[in-house]
Amino acid sequence: MSRTTTVPGHSAGVPRAEGAVHGTSAEPAPVADVPAPTIPLRFGYGTNGLADLRLDDALALLADLGYDGVGLTLDHMHLDPLAPDLAARTARLAQRLDALGLSVTVETGARYVLDPRRKHGPSLLDPDPDDRARRVDLLIRAVRVAADLDAHAVHCFSGITPPGTDPSTAWHRLTDALTPVLEAATASGVHLAVEPEPGHLLATLADFDRLRRALGDPEHLGLTLDIGHCQCLEPLSPADCVRAAAPWLRHVQIEDMRRGIHEHLPFGDGEIDFPPVLAALSAAGYQGLTVVELPRHSHAGPHFAERSLPFLRSAEAAATAAPLPVPPLGDPSATPEGSTS
């Protein structure tokens with residue numbers, strides 16, 4: 001998902017705190033030099049950043065550019081989850097993905113797929129139980145699509161707490177609404193990957209940990225980690241967020257971002273140091289897709305798709321570079337004095 005917001009309590013340049021995410025049971029490894037990755041990463045691009053292209057054209061573009069897969073947002077312009085013959089259309093898409101050699105993760109962040117007047121509405125937190133049920137139905141449809149596409153995971157999010165709703169009520173609605181979705185995911189063998197989203201009830205890694213515990217730590221409940229969101233508001237660095245989240249990591253979205261500002265940016269336009277992030281993902285053994293998330297740049301989607309993959313491959317290569325040898329104690333450094341390299 002993409003919004004341009006300034007996160008309350010944060011501003012650009014706010015230093016990141018050290019230590020583990022409060023409320024999480026997995027503590028990140030100590031901050032150190034970039035480790036050498038052990039598993040090659042697999043990169044994808046989100047169709048919400050290619051909304052002006054027909055789905056088949058978007059998939060062909062990504063395959064031609066060398067992407068490993070696609071983050072498929074279920075929406076009216078691509079694979080409409082509410083239109084007739086969903087199963088048949090999904091089967092044809094599965095054949096096309098196989099022919100192109102693309103893997104897939106199913107995403108559910110379409111802005112107006114359920115309500116043409118309410119962005120991302122209704123949500124799992126809506127006061128009206130019938131409205132919540134519509135979102136639950138969409139997520140169960142997404143699980144079925146994911147199973148038919150052999151997708152790695154289904155992405156979802158909590159939604160913004162409605163005005164006048166106390167937090168305990170909102171959390172109860174969230175856990176209650178996700179229960180049938182998790183049952184469907186478990187039956188289909190698909191992981192549900194919940195995304196912490198700035199401004200939502202479930203906004204941070206600590207919030208995900210609260211949800212996981214409230215639901216009894218089910219096997220098929222996992223995490224979507226958006227690297228930009230880590231830069232935006234987490235107390236840890238993005239690389240340390242990866243290490244903290246590693247046991248539950250099922251889907252990754254990636255873009256550049258600035259501290260305290262929820263705006264998805266092309267690579268190089270924000271503040272994130274990407275080689276340590278990619279090194280942490282690889283060292284964690286993450287084997288799902290790492291999907292570029294630039295929905296607000298869809299007007300120039302082909303350009304940014306072409307530009308993003310070389311950037312990520314270059315950052316991945318930098319992450320694998322061996323560190324400079326450490327001179328023996330007492331020997332002069334080979335690095336010229338005053339160098340910042």
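The buried residues of α9 are covered by several elements, including β2 (42–46), α1 (55–65), β8 (249–254), α8 (274–283) and β11 (289–292).

Which residues of α9 are buried? They are Gly301, Phe304, Ala305, Ser308, Leu309, Leu312, Ala315, Glu316 and Ala319. These residues lie on the same side of α9, because the arc they cover around the axis is only 135 degrees.

## The protein as a whole

Stepping back, the protein has nine helices and 11 strands. Of its 341 residues, 52% are buried. Taking contacts between residues at least 6 apart in sequence, 78% join residues at least 24 apart.

In soluble globular proteins, nonpolar side chains tend to be buried together. Here, the largest nonpolar core has 80 residues, and Tyr45, Val106, Leu174 and Leu178 have the most contacts inside it. Helix α4 (residues 167–188) gives the most to this core, contributing nine residues.

Leaving aside residues up to four places away in sequence, Leu178 touches Leu124, Leu139, Cys156, Leu192, Val194 and Leu211.

Cys156, one of the residues touched by Leu178, belongs to strand β5 (residues 153–156). In this strand, Ala153 and His155 point one way while Val154 and Cys156 point the other way. Are these residues buried or exposed? All of them are buried.

Strand β5 runs parallel to strand β6 (residues 191–194), and four bridges join the two. Across this pairing, Val154 stands opposite Leu192 in β6. Leu192 is also among the residues that Leu178 touches.

## How confident is the prediction?

The mean pLDDT of the protein is 87, with 83% of residues reaching 70 or more. Two stretches deserve a careful eye. Over residues 2–37 the pLDDT is below 50, and this stretch has 85 contacts in the model beyond near neighbours in sequence. Over residues 322–341 the pLDDT is also below 50, and that stretch has three contacts in the model beyond near neighbours in sequence.

Notes. Residues numbered from 1 in each chain as written. Heavy atoms only, no water. Buried < 20%, exposed > 50% of the residue type's maximum accessible area, 1.4 Å probe, protein only. Arc of directions from axis to C-beta. Contact = heavy atoms within 4.5 Å. Core = buried A, V, L, I, M, F, W, Y, C linked by side-chain atoms within 4.5 Å. pLDDT = per-residue confidence, 0-100. Pairing = 2+ DSSP bridges.
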